[in-house]
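Please read them alongside the sequence and the coordinates.

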Amino acid sequence: MECPVVFVLILAMITFATTPAYSQSIEPSENPIPVGSTVTFSSTFNVTTVGSWSFENDAIVFIINGVPLISDKWKSRVTFNSSTSSLTISSLQLQDSGKFTLQEFNSFSAEVTLSVQVPISGVTLQANATDLVEFNDTAVLMCSVANGTSLSYVWMKGNTEVTAGGGVQFSDDHATLTIVGVTRNYNGLFKCNVTNGISGEVSLPVHLNISYGPSNTKMMIMPAGYTHKTGSNITVSCSAESSPAAMIQWMVDGKYRNDFGPKLQVQMATVNDSGNYKCIFHNTVTYRFSSASAEIGFFEPLKEVTVNHTSGPAILDGTLTLHCEVAESANMIQWWRNGELITADNSTVFDMSNKTLTINPVQLSDKGKYQCKAFNPVSHATSSAYTVDVYYGPMKPVITGPSMALTGTQVILNCSSASNPPSHISWYSSNSLPTTGSKLMIGPLTLNMSGKYICKAFNNITDKNSTAYTTLTVLAPVTMASIKIVGAQPILNHTFILTCETAGSVDSIIWMHGWSQVLANDTKTLSVDNSTLTFDPVMDSDNGDYRCVASNPLSNFTSEAFMLDVFYGPKKPTIMGPKGGIPGEKVTFSCHASSNPPSSYQWFFNGSPVANTSEYVTPPLTSNMSGIYTCKAFNNITGKYSMMQTMLTVIDKITDIQVEPQMNPAIEGHVYMLTCNLTGPAEHVYWMKNGHPLHEDNRTAFSMDNKTVTFNPIHYNDSGKYQCMAFNAVWNKTSPAFMLQVYFGPKTPMITGPAYAETGHKAVFICSAKSMPPSQYTWLFNSEKVANTATFTTSVLTLNMSGEYTCKAYNNVTEKNSTNSKMLTVVEAIESVSIRNNTVPIDSINFTLTCEVTGPYDTISWKKGNMNLNQGADKAMSYHIEDNKLHFTPLTTQDVGEYQCVATNKARSHHSPKYMLLVNYGPLSVTITGPDSIKVGLPVAMLCSADSHPDCEFQWFFNRLSSPLTAGSLLTFPVTNESSGTYICEARNPVTNITKYGTKEFTAHAAGLHTQSKGALMMMGLFAVSVNVLFN
């Protein structure tokens, strides 16, 4: 009797002492599995020490060193395989569904959930009715199962799955299908397919027969059209969607005819057969009526149409009347001109029937071919074209021809006038007899044939005339123009006169300078008749070709070009030649002075003449030939002269110049000299550094003759390119650049690198020191050499590697060295940072996040998103930070977000993984949506909702009864007389354990009360089904 107690104690010990060492799994031979079957659980790991098999909290087998101890409760159905630790259970029952666990003490634990199910059989389908009327009836299909568990239902119409929506609802866990307000689309075979994990069965089909219509009525006329000619045969047919087929009766103009069926024939139609044709549809099952109608007319066709002219000829600004003659009856007449439709306007008028067209006043645009068109519904006819010609004129004559002509020539004048028909033309003049015809020829012309010539035009139909005239002027031609000089020749800044001599009748004279007209200005004047051009004074800018042009309106004459060349000078001479010369050599001087005509030249040395040419070559130079050389230029036309002097110095050249350095290198802090060595006479020596003048200062000094520069002491900033420049009275020369490189350093090294670093990492130090040439580097740690490079990377750091790291820089030219040190402190590394919480986050309740850090740290800070949270308490916030904890006092929905804690030591900061804080709250309010009242016999749906996280669990109660009606947010039920009352929705948040209630009063109306329309009730049903789809 003690065995079960011991067994439970051992199982408890295993359960609480086992720690999974690595991933293991259990596999059942079949899952799910039929009731009564046998299942074998296979394990990937064999229990070799102490372990057990259990079901939920019930022990099955206890294993010690491979030996099984099977519970009495399971012994009859269980087999254990010691070599594989597999477990076999026979005669499975429904209550065997659940979690099976295999575990070994201090080694592993694995589990699997088994589902035992009853096979499905006896699936049947029933309907509340199968013969239904569209929109009126609701279909309810119920699927029943005799045997089976864990049932899943799928409804099929034909081969298509039925889904919720559009009037389709599911209830009883999908076992019942309700179609509210059936439509013709649901006509056909329905089946239900029931399955679970091990079996399935499909019911026999049920056929729904949906009666509908008549709807979508149509009327068709053959031949097509609503108007036809008399004598035609037509067939009118009607159709509609209806089940069963609708009965059809015909009406014409509101009177029933003794005609039934879908077609009505009209033979040899007359005008009296016109009217409104209608077919009446009647469905004897749905008791619904519908109709289709059309207006049909029969008309006589038109035969002949003509246009008559009932007024005189169409004269511009007169009146024109046309009449359209139609033999048959027409209901519309149109007028057309040149193929375009005529519409009424200020000058175009139609009578009431459109048969008479009146145009007043007639315009030229009214000319053309006129037709009238007559229409009735079955035909139209067009008259032959009637041509209208508009008579007008004569308009004001237009005379073309010259207004001026030269003596001895002939001219022709032409006269024309717009007129229909064309006008008769006559000419009149005081110098000749009248003539007829549009063209008048005059000549040969003499001066006395100038005068007025008149043209007269006459139209013999409009009986009107019109006149115009032109004036002819006869002129003699210009035959000569020539330019002459009046007075003196053109000398710069003197007065100069030109005159233009002409022959013939001259009306005007213009002067041209090149291609530009000469106009009077401050230095140029023109005579009254433009024949004389005076320059006062004449200037260099006046040079060029001049012409005079004499003209009258019909002729002109241009003179030959006169070339004006102004005499001037000489201006100040320019001397080209050297300022100095070498003894024994010759030099050449060249003199030039601007002058017209060119000047003659003379050269003088110290006042004595030496040459009579513009170029003077000296004899071989001697030292006494230094002095003043003068050039004199003379113009024999202007009678003027001008002089210029130049100075020549005779001296030797500077032939060579160099910068000489000391033999030893220039080392900073020492004295150093540069010397300028040159060949030739030099009066001055200057020094340059990098292209700029070199000046004395407290370290830089020049010798008396400036040929030596001394740096005392020299500095590394003195490095650069040095040149010396030598000058005498004539010559100068600059040395090539000498590059002075000053060697210095090393200066005190600069060390970059961390002051703190973590164990397990490496530190990098970089040493640099100003030096020329670059220094060599050595690294020392606690006085021991560790590296020979500028960059030093430590090995993986340990705590004993804290200390002083020294960099030594050495210059092998200056033979100097310099050192600097940096302290490194190695701190223990932070290995991990994470956020933990011990309670469930609930709105309005205090909540704490803890920052867990592995390794020593100095500070902890908190972040929400990318924002740092303030340290310490802040009365304006709902949180405060204390040590490694973030307290929310209390927690609110505003605190939802991603949080990180940051642990910092002297070396670096470590961020935790992001922690997503979701706040559980509510329910805050409970709302019930649904109708307040519905007819008895119709379905109703109510939906309960609440603002909550996570989602609430819902229960429905009626009239405060203690037993719930159902669970879930949606409540649906068919309305009965007992359905009136108070409906209560209970909303409970499973995390916050807060429960709230919502109530709704509902009234069921008897079928006789017409509280809501069928359309409104149908919309409520659709709402219930839509809610079911959205929330399930």
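1. Arg 184 and Glu 241 form a salt bridge, with their closest N and O atoms 2.7 Å apart. Arg 184 sits in the loop between strand S18 (176-179) and strand S19 (188-195), and Glu 241 in strand S23 (residues 234-243), so the pair ties together parts that are 57 residues apart in sequence. A salt bridge here is a side-chain nitrogen of Lys or Arg within 4 Å of a carboxyl oxygen of Asp or Glu. Helices (H or I, at least four residues) and strands (E, at least two) are DSSP runs, numbered from the N terminus.

2. On the basis of the work: this is a predicted model, in which local features need pLDDT of at least 70 and side-chain atom pairs count only at pLDDT 80 or more, while totals for chains, interfaces and linings use all residues. Residues are numbered from 1 along each chain as its sequence is written, and side-chain values use heavy atoms, with hydrogens and water left out.

3. How exposed are the two partners, Arg 184 and Glu 241? Arg 184 is partly exposed at 22% relative accessibility, and Glu 241 is partly exposed at 38%. The classes are buried (under 20% relative accessible area), exposed (over 50%) and partly exposed in between, with a 1.4 Å probe and protein chains only.

4. A second salt bridge joins Glu 758 and Arg 908, where the closest N and O atoms are 3.4 Å apart. Glu 758 belongs to strand S75 (residues 756-758) and Arg 908 to the loop between strand S88 (897-904) and strand S89 (909-911), so this pair ties together parts that are 150 residues apart in sequence. Glu 758 is buried, at 2% relative accessibility, whereas Arg 908 is partly exposed, at 40%.

5. Lys 914 forms a salt bridge with Glu 898, with 3.8 Å between the closest N and O atoms. Lys 914 is in the loop between S89 and strand S90 (915-917) and Glu 898 is in strand S88, 16 residues apart, and the pair links distant parts of the chain. Lys 914 is exposed, at 57% relative accessibility, and Glu 898 is partly exposed, at 37%.

6. Salt bridges that share partners join Glu 134, Arg 184 and Glu 241 into one network. Over the whole structure, the search finds 19 salt bridges.

7. Is Asn 989 buried or exposed? Asn 989 is buried, with a relative accessible area of 0%, and is found in the loop between strand S97 (981-988) and strand S98 (995-1005). Its side chain makes a polar contact of 3.0 Å with the side chain of Ser 948. A polar atom of the Asn 989 side chain also lies 3.1 Å from the backbone oxygen of His 949. Polar contacts are pairs of N or O atoms within 3.5 Å; within protein, one must be able to donate a hydrogen and the other to accept it, and residues adjacent in sequence count only if both atoms are side-chain atoms.

8. Leaving aside residues up to four places away in sequence, Asn 989 touches several others, including Tyr 921, Pro 923, Cys 952 and Ile 994. Contact means heavy atoms within 4.5 Å.

9. An open sheet of four strands has the order S12-S14-S18-S17, with antiparallel pairing. Strand S12 (121-127) and strand S17 (168-171) stand at the edges with a single partner strand each, so one side of each is left without a neighbour in the sheet. Two strands pair if DSSP finds at least two bridges between them. S17 and S18 run antiparallel and are joined by four bridges; Val 168 has Ile 179 in S18 as its bridge partner.
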